[in-house]
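Subject: Structure for you to look at

Hello,

Please find the structure below, together with its sequence.

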Amino acid sequence: MRIGVLASGGGSNLEAILAAGIPVAVVVVDRACPATELADDAGVPAELVEWNGDRIDFTHRVVDALERHGVELVAMAGFMRILEKPIFDAFPGRVLNTHPALLPSFRGAHAVEDALEAGVKITGCTIHVAVPEVDAGPILAQEAVPVLDDDTADTLHERIKAVEHRLYPDTIKRFMEANS
Ligand code: GRF
């Protein structure tokens, strides 16, 4: 199954997916970011689809980039844009996401900060099938991460990412096996 990874940031989840030997056909980024270099180093094509303020048009251009590379499964890995219906129509039930909290708690782009603010003692990460509603959709895997008394958003996020780096590739592999 050919995988397309969508990334905007540090790309550590992309790195974990590549290190797990998952066959990535293309990396799509919406901005200049380290994920592009990771793709280059791994010999994987990277496509830059620049944000133009129009979510539907942007989504169509992301779908075009994925389809040009024959993608069958999409893995969002720190992609910081909200995508619209066209991607869920093009890849029905085949868009995955990792979120740095135990959904349905702490949806949105500030999940780690929001968990700290709420004073929860346990948070974690969730791997799920993405749907048009943000940070919703069938949950495939979750793992808890304790919040420590002296945690900052950065230290907590780093520990959550360490779990994502194992759980996301494992879940993608399981999903591929179950759906191929
Ligand atoms: C991850 O924690 C992901 O869950 C969140 O953003 C982070 C991306 O990290 N949406 P990276 O770019 O993969 O290093």
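Predicted model: local features only at pLDDT ≥ 70, side-chain atom pairs only at ≥ 80, totals over all residues.

Residues are numbered from 1 along each chain as its sequence is written, and side-chain values use heavy atoms, with hydrogens and water left out.

The ligand site

Which residues surround the ligand? They are Gly9, Gly10, Gly11, Ser12, Asn13, Gly78, Thr98, His99, Pro100, His157, Lys161 and Glu164. A residue counts as near a molecule if one of its heavy atoms lies within 4 Å of it. By class, this shell has 1 nonpolar, 9 polar and 2 charged residues. Here Ala, Val, Leu, Ile, Met, Phe, Trp, Tyr, Cys and Pro are nonpolar, Asp, Glu, Lys and Arg are charged, and the others, Gly among them, are polar.

Polar contacts are pairs of N or O atoms within 3.5 Å; within protein, one atom must be able to donate a hydrogen and the other to accept it, and residues adjacent in sequence count only if both atoms are side-chain atoms. In the side chain of Glu164, an N or O atom is 2.5 Å from an oxygen atom of the ligand. For Gly10, a backbone N or O atom lies 3.3 Å from a ligand oxygen. Lys161 has a polar side-chain atom 3.4 Å from an oxygen of the ligand. The ligand exposes 370 Å² when taken alone, and the protein buries 90% of that (areas by the Shrake-Rupley method with a 1.4 Å probe; for residues, only the protein chains shown count as cover).

The largest share, 3 residues, comes from α6. Helices (H or I, at least four residues) and strands (E, at least two) are DSSP runs, numbered from the N terminus.

Residues in the loop between β5 and α5

Ala101 is found in the loop between β5 and α5 (111–118). Is Ala101 buried or exposed? Ala101 is buried, because its relative accessible area is 0% (buried means under 20%, exposed over 50%, partly exposed in between, with a 1.4 Å probe and protein chains only). Ala101 and Ala144 are 43 residues apart in sequence, and their C-alpha atoms are 8.5 Å apart in space.

Pro104 is placed in the loop between β5 and α5 as well. The peptide bond that joins Leu103 and Pro104 is cis, with omega about 10°. Phe106 is also found in this loop. Its phi is near 55°, a positive value in a residue other than glycine. With a relative accessible area of 21%, Phe106 is partly exposed.

Two residues elsewhere

Asp135 lies in the loop between β6 (122–129) and β7 (139–146). Asp135 is not a glycine, although its phi is positive, at about 55°. Asp135 counts as buried because its relative accessibility is 10%.

Thr59 is found in helix α3 (residues 55–68) and is buried, with a relative accessible area of 0%. What does the side chain of Thr59 reach at 2.7 Å? That is the backbone oxygen of Arg55.

Regards
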